[in-house]
Amino acid sequence: MSIGERIFTALLLAYPGSFRRRYHKDLIAFFRAERRNPLYADGIPGSVRFWRNTLSDLARVAASERLAPIARHLQRGHAPRSTRSGQPSRPRAFAGVDTLTRDVRHTFRMLARSPGFTALAVLSLALGIGANTAIFSIYSSVFLRELPVEDPGSLVEIYTQDSEDDSGLQYGPSSYADFVDLREQTRDVFDGMVLYGVTVVIHEVGDESELLFGEEVSADYFDVLGVRPALGRTFIPAEDGAIGASPTLVVSHSFWLSRLGGVPDVLGRSIRLSGHDFKIVGVAPAGFGGMFPLQVEVWFPITLDPLLHPASTRLESRGNMTSWIKARLKQGVAAQQARAALTVVSARIAEQNPETNATRKAALVPTDQVSLHPQLDGVIRGFTVSLLAVAGLVLLTACTNLASMLMARALARRREIGIRLALGAGRLRLVRQLLTESITLALLGGLAGLGLAYWLIRTLLAVRPPIMVPIKVDIGIDDKVLLFALVLSVLTGVVFGLLPALRTTRHQLVVALKDEYGLTEGRLRRVGLRSSLVVAQVAVSAVLLVCAGLFLRSLANASGVDPGFTLREGVVATLELSESGYGAQERRALLDELRTRIAVLPGVESVGLCDRLPLGQSLSVTEAYPETPHVEIDEDGVDVDIATVDTGYFRTLGIPILFGRAFDDTDRADSPPVVIVNRTFATRFWPSESAVGKLVRVHGSDAAPSMIVGVAADGKYRSLGERARLFLYEPSGQRPVGLAHVVAATSGSGEELLQPVRQAIRGLDSHLPILDLITFSQHMDLMLFLPRALAAVVAGLGLLALILGTTGLYGVIAYDVSRRTREVGIRMSVGAQQSQVLRLVMWDGLKLVGTGTAVGLLIAFVCTRMLESMLFNVSPADPITFIAVTVLFLAVSLAATVKPAKRASSIDPVEALRCE
């Protein structure tokens, strides 16, 4: 049952019990049918119209059903029950509704009389609720989303665990051969088991081509998941592996609309993928994008993998563990029972295949316990919960601001409250009236916060990380987010409206009627609750600003790190050659021609290529066996990062060759193998002598030895904050590349070179897919994306908290000055100078800010220890940040108190005492 249905079911309590028992199923069915009505399909406006009409109909019918017995009673000639005064009384069931209606009308009249107060309160709450709602929508899209499949509760994930895998991946993918064995030997506990894996294909259209992400799946993939196609059909067993016949595929709904025009006669049409024609047999339903958080466009049977990737060993090798498994439990079979069956079967497979499976076993996790991956979920959940906590601090600041304003407003109405108490109004009745006002303000703030959250989400979706992989992001305001905003608004109104309401209705009656604020209340009482709220606001703001300052300092440090190369302006073109049908010699010839064409473009200083860029998205690690007497090398060798580069790579990126030489044209396939190592590699294995001329075996202990011909300077390869790492370069003349990064250094702006480089590639081969074409500065932005995002989010929330805290401080000081008119008049009449009054008022404000800042800095000192892993060369107790925040709050306190202080010092004592 969806969140919307749960809300509707709760609302049905408005109907009489007999009506619910009779029509409950019909009402739920009507609700579901209306929710699918095309009139309500246009996103948030449609949802608003739907709920508006639903609530209107429900209120009308429920009231009619509730009133029906009374109407029948009156029609039978029975008069309503009378009071002692002889006046007919209203039914008790509706007394609360009438009172609530009067309270709401009174609330809106009171809010309309103070538009400034209303606008400020609504704006404060909108900022806090909007920020929390936007972050909750991210959490909901990752952890509360339901798979677009049938009965997701009976699905389980099956992973491979390898005790000898030192990568740290405890829940890994599986091989196709293992999947076949598991599926055949567990049919007694599973209704079906499917395999799926991500793949990349080239879509050829005329003279152009594009790269598509797809899923290679087992033939019963759609049937087991319960996904029904929007058009046509899905795969049938006869097509599984039909390489000799016309290969088939299913396309996504978005692909059908954007590339195929959304025409219904698309079935049977052929499209060309990676040099082969595929017949379209079906269109996936709208909203279904596969099992990966990617923009998947096509699905085809995994047994067609040899057709698309001739060199692939995905189907034969048990060592090729690149696919994932889902299974559906049989009716009545528990997850624990299925887990036990998998343990037995995986042990049997290991016994039959000891060379590959001796250390492997199958692990089962229910799908409803996994969002992305069991190991990733905890990290992502912790990050989003941390963001929610930070946003919660902003909301806390807004709420304390609201409570402070409600206190000031309620104290200003103490005469009205005193009169109502004198006329017999109960304290509970007055508290309910004041709570109605606070809840109404909170609901108005929540409504405005939803608009702010929608804008924040749109802004977030427009800012995506600079990566080649098309991430599928489905963040929006759905029923769960609406319910979260509603509950948050109501709780805010109740929790932070109750204390001011109780405090206000506790005033002494005579003092309230005389509207006095004498010295009898005492200084402690006067600055107690509202001042405590200001202290809390300042403390929360200080914590957020310290966190923001640390992230900004970390970002500045990361931006100033020496990456080990000097290139700053240029263009990076990323090409996929292995999927384009080029052989090794053809790749070399094509890349040589492409470098020649780019080198003659205006502004280009040099051109180089590699299969892995420093600080890029790809990672390549191999085993190396240096022939050295200084360090003992075990049988597994040493792990070393590796890249294949050409002769112009070091010159183009500006990486110095410290000793020896760079690669040149003599380093060909028919010449002795050579490598270049970085300084860390050279000094570790040959600390007291030159590494040039020494030998190292790469990719295995039985490989031919390669001679080290040069030592390059160290650099940053994976991240800006990494320690010195072993790195090794191979020449592209001896090892052809499949994924090629072509880098062009330019004397001008890289933006001006993008289009000429694209034309040069298209002029060479119009079908060659371009994975990415960006400036080099955009490539570097990837490493700074997360620090910038964290700094922007936390700094933005900290700024909001600072604004709210400043307005709260100003409001408290200004209101306190207005209430202390008599005190100030007496002080000045007995000889106090304006400067003394000015210092008195400002000192009160400074004490509040000083206390709040001290508390906030103490909390920040403790809490920022948890941020240490996300900071770059910055201590969590960075003194510069803490001092800067302290100075900032001193400046803010002066700015917030100077105007009320000047107003107090300019009071005419005669006029002040006359008014009293």
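Mentor: Before we look at single residues in this predicted model, keep one cut-off in mind, namely that a residue counts as buried when its relative accessible area is under 20%, as exposed when it is over 50%, and as partly exposed in between.

Trainee: Why does Arg612 count as buried?

Mentor: Arg612 has a relative accessibility of 3%, and because the limit for buried is under 20%, Arg612 counts as buried.

Trainee: What makes the contact of Asp641 and Arg612 a salt bridge?

Mentor: The side chains of Asp641 and Arg612 come to 3.0 Å, N to O, and since the definition asks for a side-chain nitrogen of Lys or Arg within 4 Å of a carboxyl oxygen of Asp or Glu, the pair qualifies as a salt bridge. Asp641 belongs to strand β14 and Arg612 to the loop between β12 and β13, so the pair ties together parts that are 29 residues apart in sequence. Asp641, at a relative accessible area of 2%, is buried as well.

Trainee: How do you know that Arg597 forms a salt bridge with Glu593?

Mentor: The closest N and O atoms of Arg597 and Glu593 are 3.1 Å apart, which again lies within 4 Å. Both residues sit in helix α19, 4 residues apart, which is about one turn of the helix.

Trainee: Is Glu730 buried or exposed, and how do you know?

Mentor: Glu730 has 9% relative accessibility and therefore counts as buried, whereas its salt-bridge partner Arg735 has 38% and counts as partly exposed. The closest N and O atoms of this pair are 3.4 Å apart.

Trainee: What makes α19 oblique to α22?

Mentor: The two helices pack at an angle of about 140°, with their axes 10 Å apart. Over 145 degrees would count as roughly antiparallel and 65 to 115 as roughly perpendicular, so α19 is called oblique to α22. The crossing of α19 with α22 is right-handed.

Trainee: Which residues of α19 and α22 meet?

Mentor: Leu590, Glu593, Leu594, Arg597 and Ile598 in α19 meet Val757, Ala760, Ile761, Gly763 and Leu764 in α22. They divide into 7 nonpolar, 1 polar and 2 charged residues, where Gly is counted as polar.

Notes
Residues numbered from 1 in each chain as written. Predicted model: local features only at pLDDT ≥ 70, side-chain atom pairs only at ≥ 80, totals over all residues. Heavy atoms only, no water. Buried < 20%, exposed > 50% of the residue type's maximum accessible area, 1.4 Å probe, protein only. Axes fitted to C-alpha atoms, helices over the stretch in contact; angles between N-to-C directions. Parallel < 35°, antiparallel > 145°, perpendicular 65-115°, else oblique. Left-handed = near helix turned anticlockwise from the far one by under 90°. Contact = heavy atoms within 4.5 Å.
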